[in-house]
Amino acid sequence: MKTQDRDNVLKWPSGELDFTAGCLVMGVLNVTPDSFSDGGQFLDAGDAVRHGLGMLDAGAAIIDVGGESTRPGSAPVPAKEQIRRVVPVIEKLAGGANVPISIDTHEYEVAKAALDAGAGMINDITALSDERIGGLAAEREVPVVLMHMLGTPATMQVEPKYDDVVTEVLDYLLARATRAEELGVAGNMIFIDPGIGFGKTLEHNLLLLRHIDRFVASGYRVLVGTSRKSFIGQLTGKDKPSDRVFGTAGTVALCVAAGVSIVRVHDVPEILDVVKVVKAIVNS
Ligand code: HH2
């Protein structure tokens, strides 16, 4: 797909994202007991909705709701339980806010229940391992994020190896994007994501970020999630994920300057300041 085929405003029947001024911020809302940085904070639906609305007030363009942690070593959560966690939160958020809610899942049943509840975007960290999700995105005409991961969350950090991490991850994502288009998803509705921290060493993560412009040059819109991740702790010596906001800001500045379309973050007000400043410089 060529960049010039894309409109600055991405519109679909249940939502709209305006990329005219550049990068947008996606706020993370984990309705889980065990997510690596905010696990247990938003298990109560009321707390989750309040946090989601707070991120929207702060300027997030999308809220990414997830009911399963995918931190290294985590075990899968049954679809029924994910649905029980996320559907009430999505219903309330989608009812009260005219912005896209994204569902962070790789399970067809969860994606379908979330769309029925009012979500308008699918974030699939397995890039359509269940291809029915591609069909669902096509049928409902919603955007879909395709992320790269090596193996599964249970095993992905056990000695990840690549000959050329940037080329391998990019080639994989382009193949999955082609497959999504074959399944009926429009090219401009596809976001590709290198999957920072998903089966990658510190060096792999740094190389992917350093060459993120190669992903942008593919023509597909790019989403990047670095927020509070452990490689930032490795670089800064900050053990607590909530102490990694400035480190995250460094990665976000680089992504915005490189033309990334969406950054997925926990600290929406702080990171929005970074995005605004870098966008102003880039657009000046
Ligand atoms: N990272 C996480 C979860 N989902 N989705 C995309 N597209 N890209 C990412 O980098 C990404 C993602 C992991 O972060 P978090 O949701 O905070 O943690 P957990 O998986 O423990 O819930």
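This is a predicted model: local features need pLDDT of at least 70, side-chain atom pairs count only at pLDDT 80 or more; totals for chains, interfaces and linings use all residues.
## Ligand contacts and cysteines

A nitrogen atom of the ligand is 3.0 Å from an N or O atom in the side chain of Asp104. Residues are numbered from 1 along each chain as its sequence is written, and side-chain values use heavy atoms, without hydrogens and water.

**Ligand**

- Lys229 has a polar side-chain atom 2.7 Å from an oxygen atom of the ligand.
- Thr70 uses its backbone: an N or O atom there lies 2.8 Å from an oxygen atom of the ligand.
- On its own the ligand has 480 Å² of accessible area, and the protein covers 98% of this (Shrake-Rupley method, 1.4 Å probe).
- There are 19 residues around the ligand (a heavy atom within 4 Å).
- Among these 19, Ser35, Ser69, Asp193, Lys229 and His266 come nearest.
- β3 (24-30) and β7 (144-147) each give at least two residues to the shell around the ligand (strands are DSSP runs of E, at least two residues, numbered from the N terminus).

**Cysteines**

- The whole structure holds 0 disulfides (a disulfide is a pair of cysteine sulfur atoms within 2.5 Å).
- Cys23 is buried, at 3% relative accessible area (buried is under 20%, with a 1.4 Å probe and protein chains only).
- Cys255 is buried too, at 1%.

Conventions: Buried means under 20% relative accessible area, exposed over 50%, partly exposed in between (1.4 Å probe, protein chains only). A polar contact is a pair of N or O atoms within 3.5 Å; within protein, one must be able to donate a hydrogen and the other to accept it, and residues adjacent in sequence count only if both atoms are side-chain atoms. Helices (H or I, at least four residues) and strands (E, at least two) are DSSP runs, numbered from the N terminus.
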